[in-house]
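Here is a briefing on one protein chain. Please look at the sequence and the fold together.

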Amino acid sequence: MMTLRQIRHFIAVAETGSISAAAQAVFISQSTLTLAIQQLEEEIGVSLFNRHAKGMSLTHQGHQFLRQAHLILATVENAKRSLQQSTDQVAGSLIIGVTSLVAGYYLADLITRFQRAYPNVKTRVVEDERPYIEHLLVSGEIDVGVLILSNLEDRHALQTEVLTHSPHRLWLPAQHPLLERDGISLADIAREPLIQLNTDEMGLHTQRIWSRAGMTPQVTLRTASVEAVRSLVAAGLGLSIQPDMTYRPWSLEGDIIEARPLVDLGEPLDVGLAWRRGTARPALVDPFLTVAREQPNNRKPSI
């Protein structure tokens, strides 16, 4: 039967990428850890890791199980916390880095829940562009980041955990002819006027989508404002591909915005946490991770 110890060992290997480093982290022998991982894979019935000369990397099933493993441990920690030491006794400060788009849709809920659980911990938020937040994380100047993980560059220096996947949808004005179709593809909108959101590197992210499709979109306007995108789409001045986390079915002017999936665009935007890899993380990062895992912000858009 699967045990919490096996789950912790699995997470250690997933985070370090090697048996030797994980064995040091959890203070057991490499042979014991190797056997624990093998037994876990036999119990689950799938391969969790790809073995190669440079270490261990997660399979697709491994990534799925890692998400559930963190949730299991978070639930256990929450249960222990409710029975043991009061979180009122935990004090200190936590510096959180965040990018602008994520700040607008995830930060308030996350910090509210953390401060409710740890009222004597002071939180300070640093908002900036993703490259600078990465730099501050790697240099140890901030403790944890909440950001779009799809755009990360320095993945070798940072440990990450996805909190939610935000699928993309096409925003259209009411009565647009494409709304009559059963399915809409990228090819259907390649010649339509498109409005590009550029905040939080969304322009680069969307550009990659079109490049992989081998098409060139007709971008007629670029803006750093989500509200401007809403107003422009609702006014019939263009269409826009946006992550679902930003969707609201009306503009500031009260005009309707429709949203439809694109049949050939399945890649979501990953939003989650990042912290420095390879060193002992600050003591308050673990409580923050636990709170974040308890209730990941999976808000569904208002329809």
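An unreviewed UniProt entry annotates residues 90-108 as "transmembrane region". The model is predicted. In it, residues 90-108 are 47% helix and 37% strand. The end C-alpha atoms of this stretch are 21 Å apart.

- Seven bridges join strand 3 (residues 92-98) to strand 4, in the parallel sense.
- In that pairing, glycine 92 faces valine 121 of strand 4.
- Valine 98 stands opposite glutamate 127, also in strand 4.
- Strand 3 is mostly covered, with five of its seven residues buried.

**Helix 5 in detail**

- Helix 5 (residues 100-117) has 18 residues, which should span 26 Å at 1.5 Å a residue; the end C-alpha atoms are 25 Å apart, which agrees.
- The helix has a kink of about 60 degrees, centred on tyrosine 106.
- Tyr106 itself is one of the buried residues of helix 5.
- Also buried are Leu101, Val102, Ala103, Tyr105, Leu107, Leu110, Ile111, Arg113, Phe114 and Ala117.
- An α-helix has 3.6 residues a turn, so residues three or four places apart point the same way.

- A second topic is the open sheet of three strands, with order 10-7-11 and antiparallel pairing.
- Its edge strands are strand 10 (240-243) and strand 11 (257-260), and each pairs on one side only.
- The twist here averages 40 degrees from one strand to the next.
- Strand 7 (residues 168-173) and strand 10 run antiparallel and are joined by four bridges.
- Leucine 170 is opposite isoleucine 241 of strand 10.
- Helix 9 (residues 226-234) packs on the sheet and touches strand 7, strand 10 and strand 11.
- The direction of helix 9 makes about 50 degrees with that of strand 7.

- UniProt (unreviewed entry) places "domain: HTH lysR-type" at residues 2-59.
- In the model, residues 2-59 are 62% helix and 14% strand, and the end C-alpha atoms lie 19 Å apart.
- Glutamine 6 sits in helix 1 (residues 4-16).
- Is glutamine 6 buried or exposed? Its relative accessibility is 11%, so glutamine 6 counts as buried.
- Beyond neighbours within four places in sequence, glutamine 6 contacts Met1, Ala36, Gln39 and Leu40.
- Glutamine 6 and isoleucine 37 are 31 residues apart in sequence, yet their C-alpha atoms are 7.1 Å apart in space.

- Most residues other than glycine have a negative phi.
- Aspartate 200 has a positive phi, near 55 degrees, and is not a glycine.
- Glutamate 201 has a positive phi of about 60 degrees, and is not a glycine either.
- Where is glutamate 201 found? It is in the loop between strand 8 (193-197) and helix 8 (202-213).
- Aspartate 200 is placed in the loop between strand 8 and helix 8.
- Aspartate 200 has a relative accessible area of 4%, so it is buried.
- Glutamate 201 has a relative accessible area of 14%; the cut-off for buried is under 20%, so glutamate 201 is buried.
- Apart from neighbours within four places in sequence, glutamate 201 is in contact with Arg130, Pro131 and Asn151.

Definitions and conventions: Residues are numbered from 1 along each chain as its sequence is written. This is a predicted model: local features need pLDDT of at least 70, side-chain atom pairs count only at pLDDT 80 or more; totals for chains, interfaces and linings use all residues. Side-chain values use heavy atoms; hydrogens and water are left out. Two strands pair if DSSP finds at least two bridges between them. Helices (H or I, at least four residues) and strands (E, at least two) are DSSP runs, numbered from the N terminus. Axes are lines fitted to C-alpha atoms, for helices over the stretch in contact, and angles run from 0 to 180 degrees between N-to-C directions. Contact means heavy atoms within 4.5 Å. The expected span of a helix is 1.5 Å times one less than its number of residues. The bend at a residue is the angle between axes fitted to the seven residues ending there and the seven starting there. Buried means under 20% relative accessible area, exposed over 50%, partly exposed in between (1.4 Å probe, protein chains only). UniProt positions are given in the numbering used here, feature names are shortened, and annotations may be inferred rather than shown by experiment.
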